[in-house]
Amino acid sequence: PKPPVRPFTFLAVFKWEHRKGWDLLLDAYWSLFEPSDEVLLKLVTWVPSWESGGKDVKRRIEQYANVPSKRRDALWEYG
């Protein structure tokens, strides 16, 4: 029997600041991979106290992903 297929995991660890390029990371990931690809983008991140807006990173990603020009269906995880 074949072993179960696990997705290849990309790990990104950073403060959630615009200068860290989170938008470029998400755009690149969403443009390169399809939902059927065996890949996962795992984000370990936090919003520093001096950043404006909400502190909920998952919500920020979902809001960014809902911009009509973005493909957001590739698998990602926040934790």
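Which strand is T45 found in? The legends below start from the whole chain and then come to this residue. This is a predicted model, in which local features need pLDDT of at least 70, side-chain atom pairs count only at pLDDT 80 or more, and totals for chains, interfaces and linings use all residues. Residues are numbered from 1 along each chain as its sequence is written, and side-chain values use heavy atoms, with hydrogens and water left out.

**Figure 1. The protein chain runs β-α-β-α-β from the N terminus on.** Here you can find 2 helices and 3 strands; helices (H or I, at least four residues) and strands (E, at least two) are DSSP runs, numbered from the N terminus. Of the 79 residues, 32% count as buried, where buried means under 20% relative accessible area, exposed over 50% and partly exposed in between (1.4 Å probe, protein chains only). Among contacts (heavy atoms within 4.5 Å) with a separation of 6 or more, 68% come from residues 24 or more positions apart.

**Figure 2. T45 is found in strand β2, which spans residues 39-46.** With a relative accessible area of 6%, T45 is buried. A polar atom of the T45 side chain lies 2.5 Å from the backbone oxygen of F14. For the backbone nitrogen of W16, the distance to a polar atom of the T45 side chain is 3.3 Å.

**Figure 3. Helix α1 (residues 22-32) meets helix α2 (residues 57-65), their axes coming within 12 Å and crossing at roughly 60°.** That angle makes α1 oblique to α2, since angles under 35 degrees count as roughly parallel, over 145 as roughly antiparallel, 65 to 115 as roughly perpendicular and the rest as oblique. The axes are lines fitted to C-alpha atoms, for helices over the stretch in contact, and angles run from 0 to 180 degrees between N-to-C directions. On the α1 side, look for W22, D23, L26, D27 and W30; on the α2 side, I61, Y64 and A65 make the contact. These residues divide into 6 nonpolar, no polar and 2 charged, with Ala, Val, Leu, Ile, Met, Phe, Trp, Tyr, Cys and Pro counted as nonpolar, Asp, Glu, Lys and Arg as charged, and the others, Gly among them, as polar.

**Figure 4. D23 lies in helix α1.** Is D23 buried or exposed? D23 is buried, with a relative accessible area of 15%. Leaving aside neighbours within four places in sequence, D23 is in contact with H18 and Y64. Y64 belongs to the α2 side of the helix contact described above.

Key
Polar contact = N/O pair within 3.5 Å; in protein donor to acceptor, adjacent residues only side chain to side chain.
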